[in-house]
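Hello,

Here is the structure I promised to pass on to you. Have a look at it first, and then read my notes below with the model open beside them.

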Amino acid sequence: MALGNSYNQAQPLKLETNAAKINEIRKLQTHRTYRDSTKQFYIEGVRNFIRIVDNKFDISTIIYSDKLLTSVIARKLVRQNRRAGIPCLNISPEKFRTISHTEKASGVGAIIRQHWTKLHDISIQQKTCWIILETIRSPGNLGTLIRTSEAFGGAGFIFLENSIDPFDPNVIRASMGSIYNQKFIRTGYSKLHKWLQNHNCHVIGASPDGAVDFHKFNYPQTTMIFLGEERKGLTQQQRDLCKHLVRIPIARTVDSLNLAVAGSLMMYEIYRAQNLVNS
């Protein structure tokens, strides 16, 4: 199945250009410093490709394999983006498999610009939920939180300092495409503290020693949940940023919950409470 005469007639990219682009993709997949310096990341798969196009992401390059790509929709989107001037690199199935991290190579991927929102651009008018994080041990946990946030109407994530990389391939994979509908903000303690004061927003921390059970708490109009590191929980500095601490009651035989589980429970409770109020 050919992508069309326009592809066959197009000037093929030089072999050295192909090799350089594949090398660039590998660096985006494996080196955070390269992702940070270029402010780009790489996605693969038909579902991911369709979602970045639907969400109008800034695409730098599309990589596809004509023989592997069987999705009619994805093929159509490749054609449309090429006609719009987006560079499209057609490589062999063998070359595509060398950069594929999926069980079955889909035949399409893209290099895209990272999407970041500035703290002062946050809207606090609607009932919604933001998750604040400073550190996280498992990229998979972050991906799960991102997926849950989209499922329960969350707005996005505020990352304190520079430890967390939401564009890690493992995060993208675990998010199952939800990464494209969430906002990401990176800031510091002092800036966030000042912003919270200016907007009269309160941060609710999740901790086993919280004063009230999470399902009994009266959440504010815009809810900001601070989740601590998986093993150590909230630090004193993080607690100082929180106005309230809530706890998730669990059986005494278990001393803690997985971070993604705890965060997901809280996001669902906020979603449920808001729907009860609005119904």
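**The chain as a whole**

The protein chain has 11 helices and 11 strands. Please keep in mind that this is a predicted model. Along the principal axes, the C-alpha atoms fill a box of roughly 65 × 35 × 35 Å. The chain has 279 residues, and 49% of them count as buried. If you take the contacts with a separation of 6 or more, 81% are between residues 24 or more positions apart.

**Two annotated regions**

UniProt, in an unreviewed entry, gives the annotation "domain: MRM3-like substrate binding" to residues 21–108. Over that stretch the chain is 51% helix and 17% strand, and its end C-alpha atoms lie 14 Å apart.

The UniProt record, again unreviewed, also lists "domain: tRNA/rRNA methyltransferase SpoU type" for residues 131–268. Over residues 131–268 the chain is 33% helix and 20% strand, with 13 Å between the end C-alpha atoms.

**Around Gly-45 and Ser-106**

Gly-45 sits in the loop between S1 and H4, and Ser-106 is in the loop between helix H6 (93–99) and strand S4 (108–113). How do the two residues meet? The side chain of Ser-106 reaches the backbone nitrogen of Gly-45 at 3.5 Å.

Are they buried or exposed? Buried means under 20% relative accessible area. Ser-106 has 18% relative accessibility, so it counts as buried. Gly-45 has a relative accessible area of 12%, so this residue is buried as well.

If you set aside neighbours within four places in sequence, Ser-106 is in contact with Glu-44, Gly-45, Val-46, Leu-68, Leu-69 and Phe-96.

**Helix H4 and its surroundings**

Which residues of helix H4 (residues 46–54) are buried? They are Asn-48, Phe-49, Arg-51, Ile-52 and Val-53. These buried residues pack against strand S1 (40–44), S2, helix H5 (72–83), S4 and helix H7 (139–151). Just after H4 you will find Lys-56, which takes a positive phi of about 60°.

Tyr-64 belongs to strand S2 (residues 59–64), and its relative accessible area is 2%, so Tyr-64 is buried. Ala-110 is 46 residues from Tyr-64 in sequence, while their C-alpha atoms are 8.3 Å apart in space. Gly-45 is 19 residues from Tyr-64 along the chain, and the C-alpha atoms of this pair are separated by 9.9 Å.

**Positive phi angles in two loops**

Which residues other than glycine have a positive phi? Phi of Lys-39 is near 55°, and Lys-39 is placed in the loop between helix H3 (32–38) and S1. Its relative accessible area is 45%, so Lys-39 is partly exposed.

Glu-161 has a positive phi of about 65° without being a glycine. You can find Glu-161 in the loop between strand S6 (156–160) and helix H8 (169–175). With a relative accessible area of 37%, Glu-161 is partly exposed.

**The largest pocket**

How much space lies in the largest pocket? The volume comes to about 480 Å³. The elements that give two or more residues to its lining are strand S11 (244–247) and helix H11 (259–278). In total 23 residues line the pocket, and those nearest its centre are Ala-206, Ser-207, Pro-208, Ser-256 and Leu-257. Sorted by class, the lining is made up of 11 nonpolar, 5 polar and 7 charged residues.

After that, move on to the pocket and pick out the residues nearest its centre, among them Pro-208 and Leu-257.

Enjoy exploring, and write back with any questions.

Best wishes

How values were computed
Residues are numbered from 1 along each chain as its sequence is written. This is a predicted model: local features need pLDDT of at least 70, side-chain atom pairs count only at pLDDT 80 or more; totals for chains, interfaces and linings use all residues. Side-chain values use heavy atoms; hydrogens and water are left out. On a 1 Å grid over the protein atoms alone, a cavity is a set of points where a 1.4 Å probe fits but cannot get out, and a pocket is an open set with protein on both sides within 12 Å along at least five of seven lines; lining residues have an atom within 4 Å of a point. Grid points are joined across faces, edges and corners, and a volume is the space filled by probe spheres set on the points. Helices (H or I, at least four residues) and strands (E, at least two) are DSSP runs, numbered from the N terminus. Ala, Val, Leu, Ile, Met, Phe, Trp, Tyr, Cys and Pro count as nonpolar, Asp, Glu, Lys and Arg as charged, and the others, Gly among them, as polar. UniProt positions are given in the numbering used here, feature names are shortened, and annotations may be inferred rather than shown by experiment. Buried means under 20% relative accessible area, exposed over 50%, partly exposed in between (1.4 Å probe, protein chains only). A polar contact is a pair of N or O atoms within 3.5 Å; within protein, one must be able to donate a hydrogen and the other to accept it, and residues adjacent in sequence count only if both atoms are side-chain atoms. Contact means heavy atoms within 4.5 Å.
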